Amino acid sequence: MDIANQSRALPEIKPAKRTRQQQEARIGLLFLAPWLIGFVLLKALPILAALIFSLTDFKMLSPETTKFVGLENYIRFFGDSVAGASLFGSLGYFLLTVPLEMVVALLLAAVFTSDRLKNKRLSQTLIFMTAIIPSTSIFFIFLGSLQYAERLIFTPMGLPPIQGFGLLLPFMALWSIGPGFLIMYSAMESVPREIYEAARVDGAGPIARFVYITLPMISPAIFFTLVINLTGAFGGSVLLDRGYILSFSLSPMESYINDTMFNEADLGYASALAWVTFAVMMALTIFLFRSAKRWVYFPEEDEANEI
């Protein structure tokens, strides 16, 4: 009889547990609500609106004449030599700046993992501040300092002036290494010290340990940083979901999109250009994910194979 009563009491416990889970889910959604609302209103809707505009000939100065043109804007892209050159220019910008940024972030992370380095906290904070302070404002301060030095030093001594804008590309790339540096540093700190000790006992030097242990172990972090930098190299307003502080961008394709949208007021074609750029970026991202099986080390897969 007691056993029967206990079996009847079991179903009464389950609804209480389910109610608690529902309450926790509601609290979680409540905390996520500001981000979800912002994502829908400020991200998802502008992106979908850009897709709709790309199928029209929407002119911002004469919206009343808008009509549906289908894929005409996308066909126009294949005959636009400026758009093609801008797209290849963005690919070149990616191939130039991203390796530079990742190599410097990787070397800095390797230095900061050394036990001989002191005041790591302060140095890490200073490096990450580059991700908070706008690189454009710092560059113009730097450019003004060069002009001031030119008047006081270079001109009186008869030296040639420094072309500050020639340093813009590497300066902007290196200024934004903060997040990549932290990702690399955290990945290096998570590598088990026992592996380094075993390699040191076997006679492996610092370079051999870095190449054959550190790089394979942090390859997931390198892969993640590569994908994030790929997105940034093609420009922040690639889907017209945000603006840009200047009338130009270091990404040629982004500059051409902004020029088409604001100077020519051709929002329809600009939206089509943004979606073409997005398609190219997604193709490159898929290629990176496919190639990751060959050079990225995932410990979870090894554990699954052992099981």
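Start by selecting E197 and R200: both sit in helix α8, 3 residues apart, which is about one turn of the helix. Helices here (H or I, at least four residues) are DSSP runs, numbered from the N terminus. The model is predicted, so local features need pLDDT of at least 70 and side-chain atom pairs count only at pLDDT 80 or more, while totals for chains, interfaces and linings use all residues. Residues are numbered from 1 along each chain as its sequence is written, and side-chain values use heavy atoms, with hydrogens and water left out.

**Salt bridges**

Keep E197 and R200 selected. They form a salt bridge, with the closest N and O atoms 3.0 Å apart. The term salt bridge means a side-chain nitrogen of Lys or Arg within 4 Å of a carboxyl oxygen of Asp or Glu. Side chains of opposite charge can pair when their charged atoms come close. E197 is partly exposed at 44% relative accessibility, and R200 is partly exposed at 39%. The cut-offs are under 20% relative accessible area for buried, over 50% for exposed and in between for partly exposed (1.4 Å probe, protein chains only).

The whole structure has 6 salt bridges.

Now go to R20 and E24, whose side chains meet in a salt bridge at 3.6 Å, N to O. These two are 4 residues apart in helix α1, so about one helical turn separates them. R20 is exposed, with a relative accessible area of 58%, whereas E24 is partly exposed at 47%.

Then select D57 and K67, another salt bridge, at 3.0 Å from N to O. Both residues lie in the loop between α1 and α2, so the pair ties together parts that are 10 residues apart in sequence. D57 counts as buried because its relative accessibility is 18%.

**A nonpolar surface patch**

Return to helix α1 (residues 2-53) and find L29. L29 counts as exposed because its relative accessibility is 52%. Show L29 together with L32, W35, L36, I37, F39, V40, L41, L42, L45, L48 and L51: these make a nonpolar surface patch of about 1200 Å². Such a patch is made of residues with over 30% relative accessible area and no salt bridge, its nonpolar side chains (Val, Leu, Ile, Met, Phe, Trp, Tyr) being joined within 5 Å; for charge patches, like charges are joined within 9 Å.

**The cores**

Which residues have the most contacts inside the largest nonpolar core? Select F181 and I218; the core has 31 residues. A nonpolar core is a set of buried Ala, Val, Leu, Ile, Met, Phe, Trp, Tyr and Cys residues joined through side-chain atoms within 4.5 Å. At least two residues of this core come from each of α3 (81-112), α7 (178-189), α8 (193-201), α10 (219-233) and α12 (267-295). Helix α3 gives the largest share, 8 residues.

Zoom in on I218, which touches L106, A187, M188 and V191, leaving aside residues up to four places away in sequence. Contact means heavy atoms within 4.5 Å. Then pick Y74, A83, Y256 and W275, which are among the 18 residues of a second, separate core.

**Confidence**

Finally, colour by pLDDT, the predictor's confidence in each residue, from 0 to 100. The chain has a mean pLDDT of 78, with 77% of its residues at 70 or more.

Note on methods:
Accessible areas come from the Shrake-Rupley method with a 1.4 Å probe; for residues, only the protein chains shown count as cover.
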